[in-house]
Amino acid sequence: MIVTLIVLCEAAFWVLLAVGLGLRYVARMPRLGAAALLCEPLLEVVLLVVTAVDLRNGAAPDWKHGLAAVYIGFTVGLGHSTVTWVDARVAHRFAGGPPPVRPPKYGRARAVHEWRTAGRWILACVTALALLEAAARYVGADGGTGSLRMWQQKMLWVIGVNLVIAGSYTLFPKRDPGKDRVGAGR
């Protein structure tokens, strides 16, 4: 049941996003579109409540409960940037908005971009870690929390990968090949 609800929440996220942006840009009803977009966090609240009720009713915590916590965490950390990314493209395509800004490719600007991206992923993982810890404490030590702890380890791994990626762009910045040619001709 939890996995089905996660799939439904993900599908509903994209449906609400399409409806909200369609109302905003195609139907020219920006307030109604914003209202539809503001309904998206309710999906995570429903998933959180259903997961908590499932655990309270005696369900053994397993990978599905961990997945629900991770899904909620990723929505918290990455949901806003996803909506912003899609909004910029829809505004450009259907409402004559400016072309979406592309991330920088080189140097310090690229490193800053990578750290911002890593920050979003880290926020997602920390949120998931907190929810997983709350679920583990909720069911108690004798409730078989091994699968929840497994998800926590995976979230720590994702944090580490993001730190390595962002750090690599800081320590080894990619150089603009166009600038190297200009300097070589002098």
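**View 1. Helix 2, helix 3 and helix 4 are among the elements that cover the buried residues of helix 1.** In this predicted model, the buried positions of helix 1 are Ile2, Leu5, Ile6, Cys9, Phe13, Leu17, Gly20, Leu21, Leu23 and Tyr25. Helix 1 has 25 residues, which at 1.5 Å a residue should span 36 Å, and the 35 Å between its end C-alpha atoms agrees with that expectation. After helix 1 comes Arg28, a residue with a positive phi, near 60 degrees.

**View 2. Phe13 and Trp14 form an edge-to-face aromatic pair.** The ring centres of Phe13 and Trp14 are 5.2 Å apart, and their planes make an angle of 90 degrees. Phe13 counts as buried because its relative accessibility is 7%, under the 20% cut-off. Trp14, in contrast, has a relative accessibility of 40% and therefore counts as partly exposed, a class that lies between 20% and 50%.

**View 3. Phe74 and Trp121 form an aromatic pair that is likewise edge-to-face.** Here the centre-to-centre distance is 5.2 Å, with 85 degrees between the planes. The pair joins distant parts of the chain, since Phe74 belongs to helix 4 and Trp121 to helix 5, 47 residues apart. Trp121 counts as partly exposed because its relative accessibility is 30%.

**View 4. The largest pocket has a volume of about 560 Å³.** Its lining consists of 19 residues, of which Ser81, Trp85, Val101, His113 and Arg120 are the closest to the pocket centre. Helix 4, residues 63-95, and helix 5, residues 107-139, each contribute at least two residues to the lining of this largest pocket. Sorted by class, the lining of the largest pocket comprises 10 nonpolar, 5 polar and 4 charged residues.

**View 5. The second largest pocket holds about 220 Å³ of space.** The residues that line the second largest pocket are Phe13, Arg24, Leu37, Leu38, Glu40, Pro41, Glu44, Thr75, Gly79, His80, Val83 and Thr84. At least two lining residues come from each of helix 1 (2-26), helix 2 (30-38), helix 3 (40-56) and helix 4, and helix 4 provides the largest share, 5 residues. The lining of the second largest pocket divides by class into 5 nonpolar, 4 polar and 3 charged residues. Phe13, one of these lining residues, is also the buried member of the aromatic pair with Trp14.

Notes. Residues are numbered from 1 along each chain as its sequence is written. This is a predicted model: local features need pLDDT of at least 70, side-chain atom pairs count only at pLDDT 80 or more; totals for chains, interfaces and linings use all residues. Side-chain values use heavy atoms; hydrogens and water are left out. On a 1 Å grid over the protein atoms alone, a cavity is a set of points where a 1.4 Å probe fits but cannot get out, and a pocket is an open set with protein on both sides within 12 Å along at least five of seven lines; lining residues have an atom within 4 Å of a point. Grid points are joined across faces, edges and corners, and a volume is the space filled by probe spheres set on the points. Helices (H or I, at least four residues) and strands (E, at least two) are DSSP runs, numbered from the N terminus. Ala, Val, Leu, Ile, Met, Phe, Trp, Tyr, Cys and Pro count as nonpolar, Asp, Glu, Lys and Arg as charged, and the others, Gly among them, as polar. The expected span of a helix is 1.5 Å times one less than its number of residues. Buried means under 20% relative accessible area, exposed over 50%, partly exposed in between (1.4 Å probe, protein chains only). Contact means heavy atoms within 4.5 Å. Rings of Phe, Tyr and Trp (its six-membered ring) pair if their centres lie within 6.5 Å; planes under 30 degrees apart count as stacked, over 60 as edge-to-face and the rest as tilted.
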